[in-house]
Amino acid sequence: MPLSTAFTAVTARRTFGKPLTPEEARPSPSIVPSTSPSSTPAATPKGKRDWPLPVRTYVQRCFAEENILPDVKLQEMEVKLKQVISKAVETGTLAVVDWDNLPLPQMMIREEHAQAHCARLSSSPIQSNAFPTTTLHGANESKSKKRKSSETGPVDDASGRAPPWSQTNSRNAFESRISYPDKRPRNEVAQESGSSKSFQILDGRKKRFEPTAPGTSPVRPWRTSTAQEAPPQEREGPIVGRCQELEKKYFRLTSAPNPDTVRPLPILEKTLDHLKRRWKQERNYSYICDQFKSLRQDLTVQRIKNGFTVNAYEIHARIALEKGDLSEYNQCQTQLRALYAQKLGGHPAEFMAYRILYFLHTSNRIDMNDVLADLTPTEKQDRAVKHALETRSALALGNYHRFFELYLDTPNMGAYLMDMFVARERLAALSAICRAYKPDIKLRFVTEELGFESDDESARFIWDHGAQHLLEERDDGVRLVTGKASTFFEPALKAASARPGTKLLA
C-alpha cells in the first residue's frame, strides 16, 4: 500500500506570460486545512504558568495603592510591567533578577520622563544658538547676541557689535572653540535663492522666537519663568531642605531630590534625639535602621559634613553592630573614615579598633597590613586600639589562652565583632587541645580556656558540632575524651574558615 503524503504534488510553471486557466487557479481540495480532531491539540490554550513567588510579589507591589503615582497612567505602567517580565522570560533571568530590589515600572517611567524633559531643556538653547538670527530686512540682525537675563542694556545697532559686557557670554566662548567655515554667506545665498528647503525650515523655526513688534527683545520660553531658573549646570549645587517632619521613610532616589521632602539641619538634629529615645524605649531595629538611612540621605543630598554628621554615622554604626548588621555597619564605617580624614571630631580611635577586629573576622590580611602601616604612635596608645592589636597578635601566634582573656575584657562594643568569629577560634583551640592533652581532660578546663560562661554552655558547643560521644560522665565530673578526637574538629574548623563572613554557632 503506498504511503500518503502530507502535500499534493503540482506541476511547476514553465512560463511567465501565460495567465493561469480557471482550472489552474482553482485551489485544490487536498490543501484545504483539515478540521479533523487531530489538529485541535495545537489550538488548545496553554496551561496557566506557575510564576515564581518573587515575581508575583513584585506585581502586587506595582498595583499597591501606596505605590500608585498620579503622574503615571495605569495603562502605561501595565505595558512597562509586561515589558520587564517578558524581557526576563526571554533572557532566561526570571529566577536571577532581584525582584525585591528592582525598581517598580512606575518609577522607571517617571525616570524616563524626567530624563526626556532634561534632554529637551538642555537641547533647546543649543539648537536656537547654533544658527545666526537672520531676517528678510537685513543681515545686521544676525550679529546680535543673546544676553543673560541680568543684562538689560541695549545693543549698539549702529556699530553692529554687542556691548563689552556681553562679549564674554557662553555663546561667544562656545563659538570660539568650534572650527568650521563661516556659514553666514551660505545662508545668505540660500535666503536669496529660496531653493534651500532645510533653510526654510530653520528660518520658520526661528521666527517663532522673533518679537512681534519692532524694538522689542526676543521672547525665549525658557526665560519667561518668574523664578529665573538657572541652567542645569548651575543647579548642581547642594540643596536646602524645607521639610519639617521628624520621621520620614527611606526611599532610594531615582531623580533629583525635592527640597520639600528633605529636612534641613535643625530638623535633623531634633530627629536624631527623637530616634535615640525611640531606640531606648522600643528597640525596634527595622524602624530605626530605616529612619537612620533616611537621615543619612538628607545629610548627603545637602552635602552637610560637620560634627553632627559624624555623630549620626557613629550612632547608626553602633546600633548596627549591636544587631549584627554588617552591611549597614560597613556603609557607616566607610563614610566615617572619610569624615575622620577631615578632622571633624568624633571617636576615630574607637572605630579604628572596630576596623581591626572586622578584618580579623573576615581574615583580610591585605587591608589589615594597610591599617597597621597607617597607625600613628598616639593611636597605638589608645586602649581600644591597643586591645585590638593584642588580639591580632594572639591570633597570629596561635595563643588561644591570651585570645580568650582579651575576649572577656573587650572595651566599647568590640565584643559584638568578636562574637562573629569567636566560634571559629574556639574550634581551632579545641583542635589544639585535643592534640596536646591525652587521654582526656575535665570539661571545666575547656570552659575556662575557651571563655565559656558555664560548663553547660561548653558542653552545648561540643554537642552542636557532633562530638557528644566524646563527653563521658565520671566520678570526678564530665570529661572530654581527647584521645578519640585528635582530628575530629578539623572539618568543622575548615568550614568555619572558608566562610569568614557568616556568623557561626557560639
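Reader: Where does P439 lie?

Author: P439 is in the loop that runs between helix 19 (422–436) and strand 1 (440–442), and please keep in mind throughout that this is a predicted model.

Reader: And the peptide bond from K438 to P439, is that one cis or trans?

Author: The bond leading from K438 into P439 is cis, and its omega is near 0°.

Reader: Is K343 buried or exposed?

Author: K343 counts as exposed because its relative accessible area is 74%, and the cut-off for that class is over 50%.

Reader: What about S363, what's phi near there?

Author: S363, which is not a glycine either, has a positive phi near 55°. This residue is found in the loop between helix 13 and helix 14 (365–374), and with a relative accessible area of 46% S363 is classed as partly exposed.

Reader: Changing topic: how many cavities of 30 Å³ or more does the structure hold?

Author: There is 1 cavity of 30 Å³ or more in the structure, and the volume of the largest cavity is about 50 Å³.

Reader: Which residues line the largest cavity?

Author: The lining of the largest cavity is made by A353, Y354, L357, A384, H387, T410, P411, N412 and G414. The elements that give two or more residues to this lining are helix 13 (348–362) and helix 16 (383–397), and helix 13 gives the most, with 3 residues.

Reader: How do the residues of that lining divide into nonpolar, polar and charged?

Author: The lining of the largest cavity has 5 nonpolar and 4 polar residues, and no charged ones.

Reader: Now the surface: which residues form a nonpolar patch there?

Author: A nonpolar patch on the surface is formed by F63, I68 and L74, and together these residues have about 260 Å² of accessible area.

Reader: And where does I68 lie?

Author: I68 sits in the loop between helix 3 (53–62) and helix 4 (74–91).

Reader: Why does I68 count as partly exposed?

Author: I68 counts as partly exposed because its relative accessibility is 40%, and that class covers values in between the buried limit of under 20% and the exposed limit of over 50%.

Terms used:
Residues numbered from 1 in each chain as written. Predicted model: local features only at pLDDT ≥ 70, side-chain atom pairs only at ≥ 80, totals over all residues. Heavy atoms only, no water. 1 Å grid on protein atoms, 1.4 Å probe; cavity = no way out; pocket = protein on both sides within 12 Å on 5 of 7 lines; lining within 4 Å. Points joined across faces, edges and corners; volume = space filled by probe spheres on them. Helix = DSSP H or I, 4+ residues; strand = E, 2+ residues; numbered from the N terminus. Nonpolar A, V, L, I, M, F, W, Y, C, P; charged D, E, K, R; others polar. Patch = residues over 30% accessible without salt bridge, like charges linked within 9 Å, V, L, I, M, F, W, Y side chains within 5 Å. Areas by Shrake-Rupley, 256 points an atom, 1.4 Å probe, with all protein chains shown as cover. Salt bridge = Lys/Arg side-chain N within 4 Å of Asp/Glu carboxyl O. Buried < 20%, exposed > 50% of the residue type's maximum accessible area, 1.4 Å probe, protein only.
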